Amino acid sequence: MKQMALIANSTHELEYRLDVFKNIPGDKMPKSVSPEDLRKLGIYAGAAGFWLDKGRTKTMTDDGAGVTVSALVTGKSYENDFDTDGLMYEYPQSKRPSTYDQSRIQATKTAALLKLPIFVVIKPTSNSTNRDVFLGWIEAWDDISKLFLISFGFEAPKGIPNGTDDDDDPFTFTSSNRLLDTKSKNIRKRKFRFKIMRRYKKVCMLCDIKITELLAATHIRPTSKLGSDDVRNGLLLCNLHDKAFTEGLFSINPSTYEITYRNGGPDKNELNIINEDLSNLPRKPHPKALNWHWEQWLSKNRS
Ligand SMILES: [Zn+2]
């Protein structure tokens, strides 16, 4: 009986959230809402990070912990990971006791499990009075890279797998992106970035840079050359090593997973490469992708 009650509560809450969003004037995303209305509508009344309206949402979980209603976006990671179609949201790290952040992270995962959207609230410019509000759907999360993947939309996104990047799945090497509109391209790009961050634990494969803003999800075979978004066609590199790879300053030997430098340099030290051997990575890029890059690179740089 208890389970039934939880489902009934979350169905009611889903209708509530969809209705609130629908009834804000305007038919486009984002919608513009005054701070007073954010409170009145029960969208947001917190200070930072995730906001739970515990009074309203505590009956929706067995333990009374509540469910996240909204997330405030501040300037952090704004440029890389946010656009009008979604964002990657970093787990909050406040100065409060860690249980405070943990409970909010859990409440956000609960929203995802109950298939409830959350309101994503942004102050568009530093002197804006109103806030932009998006309806966001949590598609995936990763406790190691500490990221939530959120897509915006009036309805729940369809058929997005929550992160199966199983190495036993058949490898998709090529895909055409010519037919994709900007929205689809943005979504696809962010998903690829999220999957690469998760697979390689948010650290550059070649040095130890861990700063989100300085990490790039690099396609081994670029999308401009029909490379796919299969996670095994990707590398996680800092901006320096991403640029060095796309400029052809090095390639990865597909048989040994060793970094190989261009004749005449620059060498390992000049490139600040610490990990020259990727064979120790628990999960590796696909040899077929590496081989594609290697062949192209050899013909240009080693002949
Ligand atoms: Zn690096």
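Author: Donors here are N, O and S atoms within 2.8 Å of the metal (3.2 Å for Na, K and Ca); water is not among the atoms, so sites may look incomplete. This is a predicted model: local features need pLDDT of at least 70, side-chain atom pairs count only at pLDDT 80 or more, and totals for chains, interfaces and linings use all residues. Residues are numbered from 1 along each chain as its sequence is written, and side-chain values use heavy atoms, with hydrogens and water left out.

Now the site. C204 (SG), C207 (SG), C238 (SG) and H241 (ND1) coordinate the zinc ion at 2.1 to 2.3 Å. Along the chain, these donors are spaced C-x2-C-x30-C-x2-H. The angles between the four donor atoms run from 94 to 117°, so the arrangement is tetrahedral (four donors, all angles between 85 and 135 degrees). C238 and H241 are both buried (under 20% relative accessible area, 1.4 Å probe, protein chains only).

Next, the domains. The assignment, automatic or from a database, gives domain 1 (2-152) and domain 2 (182-301). Their centres, taken over C-alpha atoms, are 33 Å apart. In domain 1, 22 residues contact 14 residues of domain 2 (heavy atoms within 4.5 Å). Three salt bridges are counted between domain 1 and domain 2 (a side-chain nitrogen of Lys or Arg within 4 Å of a carboxyl oxygen of Asp or Glu). E139 and K191 form a salt bridge, with 3.9 Å between the closest N and O atoms.

Notes: Tetrahedral: all angles 85-135°; square planar, octahedral: opposite > 155°, others 65-115°. Buried < 20%, exposed > 50% of the residue type's maximum accessible area, 1.4 Å probe, protein only.
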